[in-house]
Amino acid sequence: MRYLDEFRDREKARVLIREIEGLVRTVDIAKKRPIQIMEVCGGHTHSIFRYGIQGMLPKEIELVHGPGCPVCVLPMGRVDDCVAIASRPEVILTTFGDAMRVPGSKKSLLQAKADGVDVRMVYSPMDALALARKNPQREVVFFAIGFETTMPSTALTILQAENDGISNFSVFCNHITIVPTIKAILDSPDLHLDGFLGPGHVSMVIGTAPYQFIASFYRRPMVVAGFEPLDILQSIWMILKQIKDGRADIENQYARIVPDAGNSPALKALSRVYELREFFEWRGLGSIDHSGVKLRDAYAHFDAERKFAIANVKIADPKSCQCGEVLKGVIKPWQCKVFGSACTPETPLGALMVSSEGACAAYYQYGGIKTHMVTA
Amino acid sequence: MNVASFTPRRRLGRVNVPTVTLAHGGGGKAMKDLIDDVFIEAFGHAILAPLEDQARFYLGTLGVQGDRLAFTTDSFVVHPLVFPGGDIGSLAVCGTVNDLAVGGATPLYLSCAVIIEEGVAIDLLRQIARSMAAAAQRAGVRIVTGDTKVVQKGACDKLFITTTGIGVIREGIELGVHKARPGDAVLVNGLVGDHGAAILCARGDMALESPIESDCAPLHGLIAELLTAVPGVRFIRDATRGGVATVLNEIAEASQVAIEIDEDKTPIREQVKAFCEILGLDPLYLANEGKIVVIAPPQDAEAALAAMRAHPLGLGATMVGRVVAGDVARVTMRTVFGGQRIVDMLIGEQLPRIC
């Protein structure tokens, strides 16, 4: 495939790995402990496992798989609320594919579907709107999840619905925003992280400026990275270079997609439709201030939370879960007490086992080969 | 003729309504008319027309063709019923023919049981029955018995078909999933993932259009030629649901070996790759309906490839990896990028990723 195969070139990878090995030898912390680099975004986690990148890196580099999988961090209570909305006879509940598997306290949407609830998979919120047009006697609800990557498409769909005067469409908004969560991770006392791979798709919308505090206040380097394996290797190289030079900057490796200023029409749509929530619950991380958005009052009639008066269920994470520690890089997935025993992809207890992009599910499924085999 | 023949001929009934109703499953004249007009019309009169409750075979003639019977069954519930490259009818024939053939059997006879939802158009049923007949002819098998049920609206999704097949295995052919040994070659007969991608596209949920067609085909001829050229082949399985990845895991588990494949040697159509890129799917887990995984001893690998490539359904045959000593029951893949990853069994269904 053009424009993809070029970014998967084995020879270029070899050259980069040699460069990375050379750099690691010049970094002082690597002599005492592994250099921990967190990839914030689930898409990066997926690529790292899919191409076996961890196994190619020198052992002094440890990749920590961050909280950036929106499916993983969705709390059980929100899934329960969603199942309650979906169970109303007039409702057609629509959602992205992998959101259907997220377990609630009683069931997932996939299980609700098996019980006869009308749940349909869509590829875009616009498909949900089309379904609302086609079924004027039903209430079509879009279960909106994701970071700034998917937020604009939900916002634009709401604006379209408003424009077309469609009244039987609403959104159950679970959109979350990554920056407060990175801050929460940086504020934790047991933090070891030495640098961040910045989320490419989120940054395509918000640009690179919102990350500036990571460099200026927390003195950690971040490189906004693309999702192809060479993108990831190059970004790791760029982080190491910063560490070696004693710099902490926000750099943009993914400039072919990410404008530093972000995407202004998308940002306009976001600020028109959403406002920050005071706080939002994250599976594995607990409540984080200003980490979620909701629809503004002007769009209340498209807000499923208000249309259907949900119970707003709160369900605590299982006590045995150590997702938070895995997310912060304090422990590795297989060091969790319940990894692979009580918590598996079939019956996930914790956030990180839920989606294939979650660190634990990825380890369970793809295996970190060398790392995992030695330690497990 | 091997099937016990009959003499009396009777006049076949006709259906004069556009859609199937519960009356067509009632056991009376309407049902007989439906069976006559749709199924016997398509499958041929000679064997089915007497409508006995069973097909009858002479053991002697079967015994000449081999020393063991192979017997298999499969149900087909595909949605949509008609898709690029095939339909539920051709699938129901090829699927069961292939399940016989991969065991080394020459497929001979099929049964065909259909469950029809009331309201299905008779013309659609005719189209599918004719497609079954054409596929059976291509596969060299005969549909010799069947059953028809009609259920209320909502009790099934338009049409479900179950086919059961009988074949005969030649003396000396001993294939087994437990027979893979370190050093053996892992071969496939061509591009993988076409069927799964074609079906997902045809469902229309993804709002993606593509020219990808199902690879649905009867593989008995290819397999017969392969086994004639290389009788030492250890194992063959068609990579249907769960795709090539699942078959490899089954082999690794049953033979207590490890399997290592190369991503850049695994043949995948560019369109299927692109389709999977967009949706976040892995083509190794996509279903195939005309692809087999073959385990051959190292010294036979080249001959097996040559035999497959000499057949129209094996032109793209290639070696994708090797059976190796190592962690038993583990399948790994050397990625295009030079890394290595585990190719595990899928937990549930593959679902498109959010971003």
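Author: Two strands count as paired if DSSP finds at least two bridges between them, and the strands themselves are DSSP runs (E, at least two residues), just as helices are runs of H or I with at least four, both numbered from the N terminus. The model is predicted, so local features need pLDDT of at least 70 and side-chain atom pairs count only at pLDDT 80 or more, while totals for chains, interfaces and linings use all residues. Residues are numbered from 1 along each chain as its sequence is written, and chains are lettered from A and ligands numbered from 1 in the order in which they are written.

Reader: What makes S4(B) and strand S5 (residues 142-151) of chain B a pair?

Author: Nine bridges join the two strands, which run parallel, and because at least two are required, they pair. Within this arrangement B:Ala113 stands opposite B:Asp147 in S5(B).

Reader: Why is the β-α-β crossover from S4(B) to S5(B) given the hand it has?

Author: The chain passes from S4(B) through H5(B) to S5(B), and the crossover is right-handed, which means that, with the strands pointing away from the viewer, the path from the first strand over the helix to the second runs clockwise.

Reader: In which sense do S4(B) and strand S6 (residues 159-169) of chain B pair?

Author: They pair in the antiparallel sense over eleven bridges, and B:Ala113 stands opposite B:Thr162 in S6(B).

Reader: How do you know where the domains of chain B lie, and what separates their centres?

Author: The bounds come from an automatic or database domain assignment, which divides chain B into domain 1 (22-169) and domain 2 (185-342); their centres, taken over C-alpha atoms, are 27 Å apart. The contact between them takes 23 residues from domain 1 of chain B and 22 residues from domain 2 of chain B, where contact requires C-beta atoms, placed from the backbone, to lie within 7 Å. On the domain 1 side, helix H4 (88-101), strand S4 (105-117) and helix H5 (122-139) of chain B each give two or more residues, and H4(B) has the largest share with eight residues.

Reader: How many residues of chain B are in contact with chain A, and which element gives the most?

Author: There are 22 residues of chain B in contact with 38 residues of chain A. Helix H9 (270-279) and strand S13 (340-342) of chain B each supply at least two residues of that side, with H9(B) giving the most, four residues.

Key:
Contact = placed C-beta atoms within 7 Å.
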